[in-house]
Amino acid sequence: MRFLIRVIINAFAIWVVTLIPALQVEVRPFAPGETLQLVLTLLAVAAIFALVNTIIGTIIKIVAFPLYILTLGLIGLIINGFLLWLTAWITSSFGWGLSLGSFWWGVLAAIIIAIINAVFGAILRPQKKRRD
């Protein structure tokens, strides 16, 4: 259930990023390219992004731990941009999916996606019950 919620939030965040034309981030939907296909494409891209983040992102973050210390965590921005670029490369190889204008626009888009995920994660996180 947690993975499904994460995919839906990621899909929404990717959709929001595609609405900002300056970022040069686009989603090419499945054929014939109507609204339903766009939503399904966003969900598929978000699922792939979540899997890339979970599997490859974890490995990269463990290996790059000394760089996190040296750069005070700023390398995380570059790593998130790389993971978004990797997702775009994987999905565009199918003829549909995410496309980025450049790597650096991908880094900026990843920052915006992370902010949206943090906001919705804080809102949708289950609250602990207090004892009175």
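Student: How many helices and strands does the protein chain have?

Tutor: This is a predicted model, in which local features need pLDDT of at least 70, side-chain atom pairs count only at pLDDT 80 or more, and totals for chains, interfaces and linings use all residues. Residues are numbered from 1 along each chain as its sequence is written, and side-chain values use heavy atoms, without hydrogens and water. Helices (H or I, at least four residues) and strands (E, at least two) are DSSP runs, numbered from the N terminus. Here the protein chain has 5 helices and 2 strands, in the order α-β-α-α-α-β-α from the N terminus.

Student: In which sense do strand 1 and strand 2 pair?

Tutor: Two strands pair if DSSP finds at least two bridges between them. Strand 1 and strand 2 (residues 97-100) are joined by 4 bridges in the antiparallel sense. Within this pairing, E26 lies opposite S99 of strand 2.

Student: Which residues of strand 1 form the covered face, and which the uncovered one?

Tutor: Buried means under 20% relative accessible area, exposed over 50%, and partly exposed in between (1.4 Å probe, protein chains only). In strand 1 (residues 25-28), V25 and V27 make up the covered face, while E26 and R28 make up the uncovered one. Across the protein chain, 33% of the 132 residues are buried.

Student: What share of the contacts links residues 24 or more positions apart?

Tutor: Contact means heavy atoms within 4.5 Å. Of the contacts in the protein chain with a separation of 6 or more, 70% fall in that class.
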